[in-house]
Amino acid sequence: MTASSHPLCAQCGRSFVRRSARGRPQRYCGQVCRRAAEYELNRAQGLLRRAEQKLQDARLKTVTEQRHFRVDADKVVEFWEAEVDRLRVELRRLLEASEASSEFLKPA
Ligand SMILES: [Zn+2]
(Lines give C-alpha, C1' and ligand atoms only; values in the text may rest on other atoms or scores of the structure.)
Protein backbone atom coordinates (compact mmCIF):
# COMPACT_ATOMS: atom_id res chain seq x y z
CA MET A 1 0.00 0.00 0.00
CA THR A 2 3.02 2.32 0.17
CA ALA A 3 2.86 2.97 -3.58
CA SER A 4 -0.68 4.36 -3.43
CA SER A 5 -0.24 6.35 -0.22
CA HIS A 6 2.96 7.99 -1.57
CA PRO A 7 2.31 8.43 -5.29
CA LEU A 8 4.58 10.35 -7.65
CA CYS A 9 3.45 13.68 -9.04
CA ALA A 10 2.48 13.27 -12.73
CA GLN A 11 4.06 16.64 -13.51
CA CYS A 12 7.29 17.00 -11.51
CA GLY A 13 7.82 13.35 -10.52
CA ARG A 14 8.31 14.02 -6.82
CA SER A 15 6.54 11.81 -4.33
CA PHE A 16 3.81 13.43 -2.25
CA VAL A 17 1.31 12.50 0.42
CA ARG A 18 -2.36 12.38 -0.59
CA ARG A 19 -4.45 14.97 1.20
CA SER A 20 -7.64 12.96 1.05
CA ALA A 21 -8.64 9.45 0.12
CA ARG A 22 -12.04 10.65 -1.13
CA GLY A 23 -12.89 11.54 -4.71
CA ARG A 24 -10.65 11.15 -7.74
CA PRO A 25 -7.09 10.07 -7.03
CA GLN A 26 -4.79 13.04 -6.65
CA ARG A 27 -2.16 13.01 -9.42
CA TYR A 28 -0.18 16.16 -8.62
CA CYS A 29 1.73 17.33 -5.58
CA GLY A 30 0.00 20.72 -5.60
CA GLN A 31 -1.79 23.54 -7.45
CA VAL A 32 1.28 24.65 -9.43
CA CYS A 33 1.83 21.22 -10.96
CA ARG A 34 -1.89 20.76 -11.60
CA ARG A 35 -2.07 24.14 -13.39
CA ALA A 36 1.07 23.37 -15.40
CA ALA A 37 -0.45 20.07 -16.51
CA GLU A 38 -3.75 21.78 -17.47
CA TYR A 39 -1.84 24.36 -19.47
CA GLU A 40 0.09 21.68 -21.37
CA LEU A 41 -3.13 19.80 -22.04
CA ASN A 42 -4.92 22.88 -23.39
CA ARG A 43 -1.92 23.76 -25.50
CA ALA A 44 -1.72 20.26 -26.99
CA GLN A 45 -5.46 20.34 -27.76
CA GLY A 46 -5.07 23.71 -29.52
CA LEU A 47 -2.10 22.48 -31.56
CA LEU A 48 -3.96 19.33 -32.56
CA ARG A 49 -7.04 21.32 -33.67
CA ARG A 50 -4.82 23.57 -35.75
CA ALA A 51 -2.95 20.64 -37.32
CA GLU A 52 -6.24 18.90 -38.18
CA GLN A 53 -7.44 22.09 -39.87
CA LYS A 54 -4.18 22.39 -41.82
CA LEU A 55 -4.48 18.74 -42.88
CA GLN A 56 -8.02 19.33 -44.11
CA ASP A 57 -6.88 22.39 -46.11
CA ALA A 58 -3.94 20.43 -47.53
CA ARG A 59 -6.18 17.52 -48.60
CA LEU A 60 -8.53 19.93 -50.33
CA LYS A 61 -5.56 21.37 -52.19
CA THR A 62 -4.54 17.97 -53.59
CA VAL A 63 -7.94 17.92 -55.31
CA THR A 64 -8.16 21.52 -56.49
CA GLU A 65 -4.50 22.17 -57.34
CA GLN A 66 -3.39 21.98 -60.95
CA ARG A 67 -1.66 18.73 -61.82
CA HIS A 68 1.98 19.85 -61.74
CA PHE A 69 1.54 21.31 -58.23
CA ARG A 70 -0.06 18.17 -56.83
CA VAL A 71 3.22 16.52 -55.84
CA ASP A 72 3.90 19.48 -53.54
CA ALA A 73 0.35 19.34 -52.24
CA ASP A 74 0.79 15.62 -51.42
CA LYS A 75 3.96 16.41 -49.48
CA VAL A 76 2.10 19.02 -47.45
CA VAL A 77 -0.61 16.43 -46.68
CA GLU A 78 2.05 13.93 -45.56
CA PHE A 79 3.61 16.54 -43.29
CA TRP A 80 0.35 17.42 -41.56
CA GLU A 81 -0.70 13.75 -41.27
CA ALA A 82 2.53 13.05 -39.39
CA GLU A 83 1.99 16.16 -37.27
CA VAL A 84 -1.60 15.16 -36.38
CA ASP A 85 -0.41 11.64 -35.44
CA ARG A 86 2.38 13.02 -33.28
CA LEU A 87 0.07 15.46 -31.49
CA ARG A 88 -2.57 12.76 -30.88
CA VAL A 89 0.06 10.60 -29.18
CA GLU A 90 1.24 13.59 -27.16
CA LEU A 91 -2.32 14.53 -26.14
CA ARG A 92 -3.09 10.95 -25.12
CA ARG A 93 0.04 10.84 -23.00
CA LEU A 94 -0.97 14.09 -21.26
CA LEU A 95 -4.55 12.91 -20.77
CA GLU A 96 -3.45 9.62 -19.27
CA ALA A 97 -1.23 11.47 -16.81
CA SER A 98 -3.86 14.05 -15.92
CA GLU A 99 -6.60 13.93 -13.32
CA ALA A 100 -9.04 14.83 -16.08
CA SER A 101 -8.43 11.57 -17.93
CA SER A 102 -11.70 9.96 -16.84
CA GLU A 103 -13.69 12.86 -18.37
CA PHE A 104 -11.72 13.17 -21.59
CA LEU A 105 -11.16 9.52 -22.37
CA LYS A 106 -14.81 8.46 -22.45
CA PRO A 107 -15.46 6.34 -25.52
CA ALA A 108 -16.92 8.51 -28.29
ZN1 LIG B 1 4.53 18.20 -8.70
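A crossing of two helices is called left-handed if the near helix is turned anticlockwise from the far one by less than a right angle, and right-handed if clockwise. Residues are numbered from 1 along each chain as its sequence is written. The model is predicted: local features need pLDDT of at least 70, side-chain atom pairs count only at pLDDT 80 or more, and totals for chains, interfaces and linings use all residues.

Helices here are DSSP runs (H or I, at least four residues), numbered from the N terminus. Helix α2 covers residues 31-64 and helix α3 residues 70-97. Their axes, lines fitted to C-alpha atoms over the stretch in contact, lie 8 Å apart at an angle of about 160 degrees. Angles run from 0 to 180 degrees between N-to-C directions, and those over 145 count as roughly antiparallel; α2 and α3 are therefore roughly antiparallel to each other. The crossing of α2 and α3 is left-handed. The contact of α2 with α3 involves 18 nonpolar residues (Ala, Val, Leu, Ile, Met, Phe, Trp, Tyr, Cys and Pro), eleven charged (Asp, Glu, Lys and Arg) and two polar (the others, Gly among them).

Glu-38 is part of helix α2. Its C-alpha atom is 9.0 Å from that of Leu-94, 56 residues away along the chain. Glu-38 is partly exposed because it has 16 C-beta neighbours inside 10 Å; buried residues have 20 or more other C-beta atoms within 10 Å of their own, exposed ones 12 or fewer, and partly exposed ones a count in between, with C-beta atoms placed from the backbone.

Gly-13 sits in the loop between α1 (2-5) and α2. With 9 other C-beta atoms within 10 Å, Gly-13 is exposed. From Gly-13 to Cys-33, 20 residues apart in sequence, the C-alpha to C-alpha distance is 9.9 Å.

Note on methods. Helix = DSSP H or I, 4+ residues; strand = E, 2+ residues; numbered from the N terminus. Parallel < 35°, antiparallel > 145°, perpendicular 65-115°, else oblique.
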